[in-house]
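The following note was prepared for a colleague who will examine the model alongside the text. Please read each point with the structure open.

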Amino acid sequence: MRRRRSSSVWMILPLYIFTIVFVAGPLIYMVALSFSQSAETFGVEWAFTLENYKKILEPVYLETFLESFQLALTSTAIICLLGYPFGYFMAKLSEGWKKKVMIFLMLPFWINSLIRLYGWIIILQNKGVLNFILQKLGIIEKPLRILYSYPAIVVGMVYVLLPFMILSVYSSAEKLDWSLVEAARDLGASKMKAFWTVSFKLTIPGLLSGIILTFIPSMGLFFIADILGGNKIVLVGSLIQEQMTRGNNWPFAAALAVVLMVLTTLMIVLYRRITNVKELEGIG
Amino acid sequence: MKKNSRFSGIYLGIIFFLMYLPVVVVIIFSFNESKLPVRFSGFSLTWYQELFQDEDMLEALKNSLILGVSSCLLSAVIGTLGAVGLARIKWRTKGILEYVSILPLMIPEIILGMVLMAFFYLLNIPFGMLTLLLGHTVFCVPYILMEVKARLAGMDPALEEAARDLGAGSFRAFWDITLPLIMPAVMSGSLLAFAMSMDDVVISIFINGPRLSTLPIKVYTQLKTGVTPEINALCTLMLVFTIVIFLLYLLVRKISKGKNILFSTGEK
């Protein structure tokens, strides 16, 4: 009995050590950093201060937070609307088709997202493919200025993060017991009613994990705003990057990161609570 | 009831069309004669020739591959052993550890990047391949951990117990029974990790150091400062490369599935 346990300890040891040193360690250091002072020339001075957090409350930086949040919200909402039906329909396909669809869903994950975004630049630019087609069809006269605007960033976010949502919804819908839907229909529920009361309710965990998987990254994907937004919109991500590199104010960057972390943690806790409540309802 | 309307087929088709449209556009323009990716003016292989003469690009490609493979292997070992170990032990810190080890997927990439940069600087580890490897492993482990954990949850624990009752040691039971059964999850997790490592720009950009460049970093700087049509050629080649590896993966999985029939409990 003792030997069994000791071999399990050896198995888990690498994970324990690696997680403590390279995940917990840096995060704890970040918190410490956020309460320290930036040195005059380079580096950090260890003196406890709340200056970095006070600085965030300045209107310029507060605005950045709001804008990031808004963008993440918009993108996630669109991703839900587009991704949920996809994952749900996919779960209803025959086994053979499921496999084929899965292959084509995995492929974009493999292709570098920057190069895929570059494809959108070619499509969306003023003299690009989209404007060319729209003008040829006579729908518009002057080329639309989509690239380097807010909608272009949203397009990029949705495009990069959509597969996460689809896979998340699919894995939840795949486990769905379809006989429950059938039972609801037999008992006289309309197609829509059966969907909302049975299928949708049971796939909510998938939808929520999809939201977490898309909402949180979309606040940090500064390169999308950079490439498709042309630096016009400053997101929290861009601000942190700037403070770490050109600004050389690591403590302020750390404070920004801590606030972002707290916000996202709150979101995860909130979602956990919502899913738990839903599960309890299902049992009752 | 488990029936699909025609609408759903059309819907999947439209989303796939939009998903692949930019990729197709890049491929088409990689053969474009003109330097500007505005209109297709004629077929040419110029950009491929230039790409193969660009030593910086080749160097970056090499770095990306080394990094992707090594971080994927390292995290596969840590993640797989960890997931199996987590299922066996009953320590009180287990829950916290699991939460912290999956954190890298939960927190924005940018935070992970800056935090690792500051931390490596604190530890005095010189920025380069080592920091990139460690950084990429940080976000690769959770993919494998989660995949394997899900597979373990669906597994019949009686199988391993039976092996132990028949006298197999704990490690033997893992190697002969558990590992073959979770292999598909290890593979899919590793492939996802590999893809994420090859794709990553946000974390790499913080910890790559002044000299070392990966392919995504190269592409990123070009997209910011000015694009050369080489990128189209590069993407097309990567796409071919990707599909080859992907097909290989499907093949391996098919073989491993055949092997698993020996162990599975009647499910197909």
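The points below take up the basis of the model, its chains, its core and some local features.

1. Basis. This is a predicted model, in which local features need pLDDT of at least 70 and side-chain atom pairs count only at pLDDT 80 or more, while totals for chains, interfaces and linings use all residues. Residues are numbered from 1 along each chain as its sequence is written, and chains are lettered from A and ligands numbered from 1 in the order in which they are written.

2. Chain B. The secondary structure of chain B consists of eleven helices and zero strands; helices (H or I, at least four residues) and strands (E, at least two) are DSSP runs, numbered from the N terminus. Of the 268 residues in chain B, 41% are buried. A residue is buried if 20 or more other C-beta atoms lie within 10 Å of its own, exposed if 12 or fewer, and partly exposed in between, with C-beta atoms placed from the backbone. Among contacts in chain B with a separation of 6 or more, 79% join residues 24 or more positions apart; two residues are in contact if their C-beta atoms, placed from the backbone, lie within 7 Å.

3. Contact between the chains. Chain A contributes 69 residues to the contact and chain B contributes 67 residues. On the side of chain A that touches chain B, helix α1 (residues 2–34) of chain A supplies the largest share, 20 residues. That side of chain A comprises 50 nonpolar, eleven polar and eight charged residues. Here Ala, Val, Leu, Ile, Met, Phe, Trp, Tyr, Cys and Pro count as nonpolar, Asp, Glu, Lys and Arg as charged, and the others, Gly among them, as polar.

4. Nonpolar core. The largest nonpolar core has 145 residues, and those with the most contacts inside it include A:Ile224, A:Ala257 and B:Met114. Such a core is a set of buried Ala, Val, Leu, Ile, Met, Phe, Trp, Tyr and Cys residues joined through C-beta atoms within 7 Å. Helix α7 (residues 150–174) of chain A gives the most to this core, with 16 residues. Leaving aside residues up to four places away in sequence, B:Met114 touches A:Ile240, A:Met244, A:Ala253, A:Ala257 and B:Phe206.

5. Helix α5 of chain A. This helix (residues 113–124) has twelve residues and spans 16 Å from its first C-alpha to its last, close to the 16 Å expected at 1.5 Å a residue; the expected span is 1.5 Å times one less than the number of residues. Twelve of the twelve residues of α5(A) are buried, among them A:Arg116 and A:Trp120.

6. Crossing helices. The axes of α10 (residues 222–229) and α11 (residues 236–244) of chain A come within 7 Å and cross at roughly 100 degrees. The two helices are therefore roughly perpendicular to each other, a class that covers 65 to 115 degrees. In this contact, A:Phe222, A:Ala225 and A:Asp226 of α10(A) meet A:Gly237, A:Ser238 and A:Gln241 of α11(A).

7. Positive phi values. Which phi does A:Asn248 have? Its phi is positive, about 55 degrees, although A:Asn248 is not a glycine. A:Asn248 lies in the loop between α11 and α12 (250–283) of chain A and counts as partly exposed because it has 15 C-beta neighbours inside 10 Å. B:Asn124 likewise has a positive phi, near 65 degrees, and lies in the loop between α5 (109–123) and α6 of chain B. With 6 C-beta neighbours inside 10 Å, B:Asn124 counts as exposed.

Methods
Axes fitted to C-alpha atoms, helices over the stretch in contact; angles between N-to-C directions. Parallel < 35°, antiparallel > 145°, perpendicular 65-115°, else oblique.
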